[in-house]
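This report takes up a set of local and overall features, chain by chain. Please keep the sequence and the structure in view while reading.

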Amino acid sequence: MIKQYQIFVGAVAVAAALAAPMRSADACSQAAPDLVAFPLQPANGANAPANTRVWIPLTGKESAADLGLFNSGIAVPSEATTIMVDNGNYTAALVVLSPRQALPIGASIELQRSGVRISQFTVTDAVPAATTPPSVDRIDVDGAYFGGLSCPSDSRVTVYAQPADRLVLVLDHDATTATLPTVIRGIGLGNAAVLDVDAGTQKFDIVSIDSAGQLSPPTALREVTVPAETSGCNSGNGSIGGLTPLIVALVPFARARRRNA
Amino acid sequence: MRRALTFLSLCLVVASALIAHVATAAADHNVAIGYVRGQGLGNFGVSAAYTIGPLELGSALFARVGDGERGVAIAPMLRLNVAHLRRTSTTFASTAYVEVAPQVVLTSFGGVTASGTGLSATVGYELRFANRLALFVGLGLHSRGVVAGRDGELNVTQASEFGPHIDAGLRYRL
């Protein structure tokens with residue numbers, strides 16, 4: 001005859017088995033995304049203003065020292081700034097070349113990597129300044145899934161902005177946009193994602209770079225709330241520590257029962 | 001054949017529960033209120049239930065507060081006391097139970113109203129003391145879909161959840 005406590009113990013065993021991760025870590029492993037997969041800004045063959053900056057994604061073992069601007073074969077004195085892209089899970093870098101002096105109107109400027117031309121743009125005075133911040137279409141805020149019964153996913157904030165052909169940059173709210181930012185949380189053409197953000201309130205600024213290499217002013221502060229992580233092997237919506245008040249409440253009953261025995 | 005046996009077993013369980021109830025019904029206090037945690041909904045909940053024979057109908061209300069979230073989860077429940085109030089000593093009685101509870105989450109993430117639904121099933125054990133207090137502990141599984149909401153450009157989603165949970169609670173029978 002099966003006793004009640006045996007049914008209970010059996011249920012505990014089943015639940016414990018279900019709580020164990022069903023997939024190995026290898027099955028869920030993901031390759032790091034290419035955080036700086038965007039075309040050069042200004043784009044190859046584009047027109048750019050005299051005070052343009054050149055935004056270059058870094059790949060592999062490249063460094064800022066490999067890159068340079070040339071006007072008719074003569075090096076254009078430029079300041080190279082390396083910006084970290086840190087979306088919370090992966091890091092990468094990009095380089096911004098800022099000519100120290102205004103570029104001559106009509107000049108054809110070449111971007112060279114280790115002496116090899118990789119891009120060219122023409123300096124004109126017909127390019128309007130980027131005076132307006134990007135228009136944000138949508139911000140998706142997704143809470144993380146811890147895993148356990150299926151593959152985990154990070155919490156994520158994805159910004160979709162217009163024009164869709166502009167580079168979107170997501171910056172921490174305390175980052176300065178008066179000069180070049182030193183860290184970018186997300187970057188991408190038309191949309192940018194920030195991964196693995198903490199649950200709770202997060203504050204971001206959003207800027208864009210147009211095809212002439214101009215950095216826009218930031219949007220108004222965006223404040224989002226990232227939902228708490230969910231899981232497949234949690235004891236409640238919190239932890240087993242939540243049983244503490246009940247265990248404390250049980251102590252007097254346990255003592256009374258011992259006395260009776 | 002297998003279905004017939006399963007049906008017969010279920011009938012036996014229900015019949016024995018009903019018989020047990022008849023034997024102990026006089027001692028019942030039909031309304032119970034108290035604290036509850038679990039069902040995958042959190043650590044802070046209040047519950048109320050009404051006993052009808054071996055069945056209990058009730059609902060739990062959980063607070064969902066923290067990390068910018070403000071809301072509640074409502075879990076109406078149907079509990080079957082399998083061996084209703086089997087008296088095991090002079091100071092308390094006990095019963096195993098099976099519980100099914102749909103879930104509705106109504107919450108807000110930083111001002112974005114979001115909602116979702118789910119279902120939990122629990123097997124547990126309750127001790128009822130002579131002073132009308134009752135303690136219960138249960139184990140079960142819950143499945144909840146995404147809790148999602150939209151407000152203008154903001155689209156907030158809390159991931160779905162499926163897994164085991166530990167229920168526990170302290171009730172007082174009125």
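Asp67(B) is partly exposed, because its relative accessible area of 42% falls between the 20% limit for buried residues and the 50% limit for exposed ones. The model is a predicted one, and in it Asp67(B) has a phi near 55°, which is a positive value in a residue other than glycine. Asp67(B) belongs to the loop between β3 (55-66) and β4 of chain B.

## Chain B as a whole

Chain B contains one helix and eleven strands, and the order of these elements from the N terminus is α-β-β-β-β-β-β-β-β-β-β-β. Of its 174 residues, 48% count as buried. When contacts in chain B between residues at least 6 apart in sequence are considered, 55% of them join residues at least 24 apart. Chain B exposes about 7800 Å², and carbon and sulfur atoms supply 71% of that area.

## A nonpolar patch on chain B

Which residues make the nonpolar surface patch of about 430 Å²? The patch is made by Val46(B), Leu61(B), Val72(B), Ile74(B), Val104(B) and Leu106(B). The elements that give two or more residues to this nonpolar patch are β4 (69-81) and β6 (92-109) of chain B. Val46(B), one of the patch residues, has its place in strand β2 (residues 45-52) of chain B.

## An open sheet in chain A

In chain A, four strands form an open sheet in the order β2-β6-β5-β12, with mixed pairing. The edge strands of this sheet are β2 (54-57) and β12 (183-184) of chain A, each of which pairs on one side only.

Strand β2(A) and strand β6 (residues 91-99) of chain A run antiparallel and are joined by four bridges. Within this pairing, Val54(A) stands opposite Leu97(A) in β6(A).

The peptide bond from Gln41(A) to Pro42(A) is cis, with omega near 0°, and Pro42(A) is found in the loop between α2 (25-28) and β1 (47-48) of chain A. A cis peptide bond also joins Gln162(A) and Pro163(A), where omega is about -10°. The loop that holds Pro163(A) lies between β10 (156-162) and β11 (167-172) of chain A.

Asp196(A) has a phi near 55°, a positive value in a residue other than glycine, and its place is in the loop between β14 (191-195) and β15 (200-209) of chain A. Is Asp196(A) buried, partly exposed or exposed? Asp196(A) is partly exposed, with a relative accessible area of 36%.

Ile187(A) lies in strand β13 (residues 186-189) of chain A. Its relative accessible area is 12%, and Ile187(A) is therefore buried, since the term covers values under 20%.

Leaving aside residues up to four places away in sequence, Ile187(A) touches Leu35(A), Phe38(A), Val85(A), Leu94(A), Leu167(A), Val168(A), Leu169(A) and Ala192(A). Ile187(A) and Ala37(A) are 150 residues apart in sequence, while their C-alpha atoms are 8.8 Å apart in space.

Conventions
Residues numbered from 1 in each chain as written. Chains lettered and ligands numbered in written order. Predicted model: local features only at pLDDT ≥ 70, side-chain atom pairs only at ≥ 80, totals over all residues. Heavy atoms only, no water. Patch = residues over 30% accessible without salt bridge, like charges linked within 9 Å, V, L, I, M, F, W, Y side chains within 5 Å. Areas by Shrake-Rupley, 256 points an atom, 1.4 Å probe, with all protein chains shown as cover. Salt bridge = Lys/Arg side-chain N within 4 Å of Asp/Glu carboxyl O. Pairing = 2+ DSSP bridges. Buried < 20%, exposed > 50% of the residue type's maximum accessible area, 1.4 Å probe, protein only. Contact = heavy atoms within 4.5 Å.
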